[in-house]
Amino acid sequence: MADNTFDEIYAKHFLYVRGFLLRLCKGNEHTADDLTQEAFFQAYISIHRFEGNCRVETWLCSIAQNVFYSFLRNEKKQKHVEEMQQRSGDTVYAVQEEQYLEHDAAVAMKRLPQQTAKVLSCRLFHDMPYAEISGLLGISESSAKVIFHRGRIKLMEILKKEYGYEA
């Protein structure tokens, strides 16, 4: 399709598409204008795929709707990033530190007896109650508590010695 034909499509359908986006944007003219330009840009680069099976307005509004949904997804991501940035750097650091600790603990638990590692994993990583752990492993609830207590002490020793963590 020639550029002058697309210019005609733009001139003929601009107000229709802008009005469509203005309704989706709940009257926010600035956002509707930006999205209208993006929709026509997307239409321009994909005009070769237009087969004429529907009206041009329908095709353009379909593109505009996709542009709008993409905008909403990006807005949601941006708000999430801003919220994370508003939290103190210490909080973000603490989350990262917790992830490293979990990884190091999982590696260190491989050095413990298998049953101890299972009890610790169930309790620490899956927050399972002792009654459930005992049923899962076929041991008494009091045994699960003792194994967890002793295993936790041993795990803390390994984490301190091997990775430098403080209890």
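A salt bridge here is a side-chain nitrogen of Lys or Arg within 4 Å of a carboxyl oxygen of Asp or Glu. By that criterion, the side chains of Arg55 and Glu57 meet in a salt bridge in this predicted model, at 3.3 Å from N to O.

View 1. The structure holds five salt bridges, and the pair of Arg55 and Glu57 is one of them.

**View 2. Arg18, Glu29 and Asp33 are linked in a network of salt bridges.** Glu29 forms a salt bridge with Arg18, with the closest N and O atoms 3.7 Å apart; this pair links distant parts of the chain, since Glu29 belongs to helix H2 and Arg18 to helix H1, eleven residues apart. Asp33 likewise forms a salt bridge with Arg18, the closest N and O atoms being 2.4 Å apart, and here too distant parts of the chain are linked, with Asp33 in helix H2 and Arg18 in helix H1, 15 residues apart. Arg18 counts as buried at 18% relative accessibility, while Glu29 is partly exposed at 48% and Asp33 is partly exposed with a relative accessible area of 30%.

**View 3. Phe6, Tyr10, Phe14, Phe40 and Tyr44 form one aromatic cluster.** The structure holds eight aromatic pairs, among them the edge-to-face pair of Phe6 and Tyr44, whose rings lie 5.1 Å apart from centre to centre with 70° between the planes. Phe6 lies in helix H1 (residues 3-24) and Tyr44 in helix H2, so the pair ties together parts that are 38 residues apart in sequence. Phe6 is buried, with a relative accessible area of 7%, whereas Tyr44 counts as partly exposed at 38% relative accessibility.

**View 4. Phe41, Tyr44 and Ile45 make a nonpolar surface patch of about 290 Å².**

**View 5. Arg123 lies over the faces of Tyr130 and Phe148.** The distance from Arg123 to the ring centre is 4.2 Å for Tyr130 and 6.0 Å for Phe148. Phe148 is among the buried residues of helix H7.

**View 6. Helix H5 (residues 114-125) has twelve residues.** From its first C-alpha to its last, H5 reaches 16 Å, which is close to the 16 Å expected at 1.5 Å a residue. The buried residues of H5 are Thr116, Ala117, Val119, Leu120 and Cys122. Just after H5, Asp127 takes a positive phi of about 50°.

**View 7. Helix H7 (residues 141-163) has 23 residues.** At 1.5 Å a residue, H7 should span 33 Å, and its end C-alpha atoms are 31 Å apart, which agrees. Buried in H7 are Ala144, Ile147, Phe148, Gly151, Leu155, Ile158 and Leu159. Gly164, which follows H7, has a positive phi near 80°.

**View 8. The secondary structure of the chain comes to seven helices and zero strands.** Read from the N terminus on, the elements run α-α-α-α-α-α-α. Of the 167 residues in the chain, 29% are buried.

Notes
Residues numbered from 1 in each chain as written. Heavy atoms only, no water. Helix = DSSP H or I, 4+ residues; strand = E, 2+ residues; numbered from the N terminus. Expected span 1.5 Å × (residues − 1). Buried < 20%, exposed > 50% of the residue type's maximum accessible area, 1.4 Å probe, protein only. Patch = residues over 30% accessible without salt bridge, like charges linked within 9 Å, V, L, I, M, F, W, Y side chains within 5 Å. Areas by Shrake-Rupley, 256 points an atom, 1.4 Å probe, with all protein chains shown as cover. Phe/Tyr/Trp six-rings, centres within 6.5 Å; stacked < 30°, edge-to-face > 60°. Lys NZ or Arg CZ within 6 Å of the ring centre and 35° of its normal.
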